[in-house]
Amino acid sequence: MDAIARWRRALRHLMTGAGTGRRCFPEAALQAIAAAIGDGERRHRAEVRLVVEPALPFGAALDGMTNRDRARALFAQYGVWDTEENCGVLIYVNLADHAVDIVADRNVGRRIAEAEWQAVCSTMTEAYKRGEFREGTVAALHQLADLLQRHFPSDGSRPNQLPDEAVIL
């Protein structure tokens, strides 16, 4: 990325305020998302976290931090890697970049193909283009639950290890 593109990106992040996250994900949407995560986790043994960030800090955006790098950092910060079966999944939404990334722990990452992860991300980004943040996120969570159920069906014995509520930074 050239210097002009980096500055444009950094300015876009600077101009995207914290209120953007709440406008895109009001309380009713957050409740529907938490319910979808909880419903999915009753069908499979994986743990899912959703983190929405309106914008990167200006310096991180200017330095060229990628969406993927930020998702990996949040995966570690929120302990998504620390699940009993190494089956944590983080969905990271960067509103300023209009980007979604999924980071999966090693046990899940080995079993689900990159194209399947990208399909879940596309469900979200396509809906977001239409302003359908709640609908797109819930649809993607159902899609993800189907994938995870196929590889990690629930046996009913595992307690919930991570909160189901989305994190809005």
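A residue counts as buried when its relative accessible area is under 20%, as exposed when that area is over 50%, and as partly exposed in between, using a 1.4 Å probe and protein chains only. N86 is partly exposed, with a relative accessible area of 21%. Welcome to this predicted model, in which local features need pLDDT of at least 70 and side-chain atom pairs count only at pLDDT 80 or more, while totals for chains, interfaces and linings use all residues. Residues are numbered from 1 along each chain as its sequence is written, and side-chain values use heavy atoms, with hydrogens and water left out. Helices (H or I, at least four residues) and strands (E, at least two) are DSSP runs, numbered from the N terminus.

For each helix below, the expected span is 1.5 Å times one less than its number of residues. Contact, here and later, means heavy atoms within 4.5 Å. An arc is that of the directions from the helix axis to the C-beta atoms.

- Helix α1 covers residues 3–15, and its 13 residues reach 18 Å from first C-alpha to last, close to the 18 Å expected at 1.5 Å a residue.
- R9, A10 and H13 are the buried residues of α1. They sit on the same side of α1 because they cover an arc of only 100 degrees around the axis.
- On the other side of α1, the residues I4, R8, L14 and M15 are exposed.
- The cover over the buried residues of α1 includes α4 (58–62), α5 (67–77) and β2 (88–94).
- Helix α3 has 17 residues, which should span 24 Å at 1.5 Å a residue; its end C-alpha atoms lie 25 Å apart, in agreement with that.
- Buried residues of α3 include A29, L30, A32, I33 and A34, and the buried residues of this helix pack against α2 (19–24), β1 (47–53), α8 and β4 (167–168).
- Helix α7 takes in residues 114–129, and its 16 residues reach 22 Å between the first and last C-alpha, close to the 22 Å expected at 1.5 Å a residue.
- In α7, the buried residues are W117, V120, C121, M124, T125, A127 and Y128. Their arc around the axis is only 165 degrees, so they lie on the same side of α7.
- A115 and K129 are exposed residues on the face of α7 turned away from its buried side.
- The packing partners of the buried residues of α7 are β1, β2, β3, α6 (106–109) and α8.

**The cavity**

A cavity is found on a 1 Å grid over the protein atoms alone, as a set of points where a 1.4 Å probe fits but cannot get out; lining residues have an atom within 4 Å of a point. Grid points are joined across faces, edges and corners, and a volume is the space filled by probe spheres set on the points.

- The structure holds one cavity of 30 Å³ or more, and the largest cavity contains about 40 Å³ of space.
- Its lining is made of A36, I37, G40, E41, H44, V48, L141, L144 and A145.
- Helices α3 (27–43) and α8 (133–151) each supply at least two residues of the lining, and α3 gives the most, with four.
- By class, the lining has six nonpolar, two polar and one charged residues. Here Ala, Val, Leu, Ile, Met, Phe, Trp, Tyr, Cys and Pro count as nonpolar, Asp, Glu, Lys and Arg as charged, and the others, Gly among them, as polar.

**Backbone angles to look at**

Most residues other than glycine have a negative phi.

- N86 has a positive phi, near 50 degrees, in a residue other than glycine, and its place is in the loop between α5 and β2.
- H98 is not a glycine either, yet its phi is positive at about 55 degrees. H98 is found in the loop between β2 and β3 (99–104) and is exposed, with a relative accessible area of 66%.
- Just after α7, G131 takes a positive phi of about 80 degrees.

- R43 lies in helix α3 and counts as partly exposed at 27% relative accessibility.
- R43 and F152 are 109 residues apart in sequence and 8.5 Å apart in space, C-alpha to C-alpha.
- Leaving out residues up to four places away in sequence, R43 touches H142, A145, D146, Q149, F152, P153 and S154.
- E47 lies in strand β1 and counts as buried at 0% relative accessibility.
- E47 and W81 are 34 residues apart in sequence and 9.5 Å apart in space, C-alpha to C-alpha.
- Among the residues that E47 touches, not counting those up to four places away in sequence, are E41, T83, C87 and R158.

How values were computed: On a 1 Å grid over the protein atoms alone, a cavity is a set of points where a 1.4 Å probe fits but cannot get out, and a pocket is an open set with protein on both sides within 12 Å along at least five of seven lines; lining residues have an atom within 4 Å of a point.
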